[in-house]
Amino acid sequence: MKQYLLRFKRQQLVIIMLQIALSALQILSAMSLAPIIDALVRRDLAGIIQWCGISLGIWLLTILNDYILTVYETKIIRLMNNALRADFASTINTYSIAAFNQTDSNQYISWLNNDVKTIEENGFKSFYQLLNSVLTAAFAIGALLFYHYSLALVAIFFSIILMYVPKLFNKIMDHAALQLKNANSQFMSQINDLIGGFTVFKNHQQTITFRQRIIQASDKLGQTNVTYTKKIEAVSDGIGTLSIFSQIFTTGWTAFLIFNKLVNVGVVGTAANLSGLLFSNLSKITTNLFTMRSVQTILNIDLVKQATTETVPHSFNKQLKLHDLSFSYENKPVLKQIDYIFNKNGKYALIGKSGVGKSTLLNLISGQLTGYQGEIILDKQIVNDCASEIEYVEQKPYLFNTTLRDNLELGAHVSTTTLSQICHDLQIDTFMTLDTKIIGHGQNLSGGQRQRIALARALVHRKPIIFLDEVTAGLDEQSAQQIESRLLQDPDLTLVMITHHLTDQTRKQLTGVLDLSVD
Ligand SMILES: Nc1ncnc2c1ncn2[C@@H]1O[C@H](COP(=O)(O)OP(=O)(O)OP(=O)(O)O)[C@@H](O)[C@H]1O
């Protein structure tokens, strides 16, 4: 967490200055009580009015300072949250597609949502509260010293006890925090699964199960929350009790000093206030230290850079060669000793009966699956995969809920003319414009339409090799033929397309056909 605070050093300095001012004002407010009581004892009405005015002025300044500080802290927390999310995104960016797919997507959502919220609440906000508590406690001791050294000594004695006792519970609290984090992430995963399958429940008249499962998931999370709260409250209430005892003792000690005429009568109220401020802030310090520890646990687990195989760009000038390539899912062999060469700018069909492993082969080459035997060779260089050279247009491509233009550009700037031409070639302009917004990730579009949008995306970004998984399957014969011809006539494109319906016209234009059904 420290690294995020330090990234905004100048801003933290401003916060510290505002915190110092706030703590000093809080202590001055407490101290302004003593002269009022002393004036009362002297029956000095003017003195009472004067000190009441000063006290009110200090309070108004305290409130103003608190307002400025809270708003400024929130602004800096926003910057730190951005940095944190950017780091999570960078961690995800280092993953290869296969490594990314190995983890449930809820885990990533949980990083960017739950974890960032927890770090904000238990980390950044706790740190600022801690800062305020430390400063207020230090000023309170200073003020007690101002009245009598023995008051400061009593305060320091109890402070040490109050700071030490909670350390005995560190392990229990760490464990509780981790359990809560896991429960949150499990809850997200369950809810996502249920929401994703809502239509299944609805279609089978099982909406009651949908509701029950949501309640079950909610209750499970609630139970962990109760356990967590029980632990944290037991510790903080224990500390609270100790703090009240310390406060009462300090007040008693002040009464003893007044009795012996060592301090003025007015100090009794102020000392009670100051010790109240001191001990309540000490308990806050320990609670905040606890919560901040849990943040480090999250950061250690999630932001530790995991060893992944990054997508490495290779050169592709001549050929993509598969040598003796075999692959099994668990113990189920799918591909056996495939040998094949795809030449640059060649056009290929990948055929074979359903389930023979066509998608699996393309997933291996494009780096979405790992763990094969044999070799993938790009221009004589053995590579793990060709992820950076390939655009794989899958059967169920992912579309973002934004405009068609944004889905095609993905943040890059491409001229409207180029985009319009590609949309025209792929007949996308027959059902939407560049500014049409896609909703429900394309649920209102047919499978074929979604695939054509993904194909357009591939053409916009011009990767040297395009893999197509039956992109034209959902189209009428004429449109399918037109789109295939457009791709087959592109001289700078290496094309591999899975197809179940290889027409004679298409076959004539191909460089080769890889039939996986043939042993
Ligand atoms: N993730 C997976 N885990 C286990 N087995 C899988 C997995 N994905 C696919 N399979 C199995 O591997 C075999 C090959 O599947 P694949 O999708 O590659 O076939 P395909 O030739 O593309 O089929 P289709 O033409 O029907 O799309 C099938 O028997 C399938 O059941």
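**Note on the predicted model**

1. The end C-alpha atoms of residues 12-36 lie 37 Å apart, and this span is 96% helix and 0% strand. Helices (H or I, at least four residues) and strands (E, at least two) are DSSP runs, numbered from the N terminus. This is a predicted model: local features need pLDDT of at least 70, side-chain atom pairs count only at pLDDT 80 or more, and totals for chains, interfaces and linings use all residues. Residues are numbered from 1 along each chain as its sequence is written.

2. The unreviewed UniProt entry places "transmembrane region" at residues 12-36, 48-69 and 151-169. Such annotations may be inferred rather than shown by experiment; feature names are shortened and positions follow the numbering used here. Residues 48-69 are 100% helix and 0% strand, with end C-alpha atoms 31 Å apart.

3. Domain 1 covers 2-302, and domain 2 covers 346-365 + 385-515. These bounds come from an automatic or database domain assignment. The C-alpha centres of the two domains lie 54 Å apart.

4. Helix 12 (residues 358-365) is largely enclosed by the rest of the structure, because seven of its eight residues are buried. Buried means 20 or more other C-beta atoms within 10 Å of the residue's own, with C-beta atoms placed from the backbone. Lys 358 and Ser 359 are among the buried residues. Gly 367 follows helix 12, with a positive phi near 80 degrees.

Methods
Buried ≥ 20, exposed ≤ 12 C-beta atoms within 10 Å, placed from the backbone.
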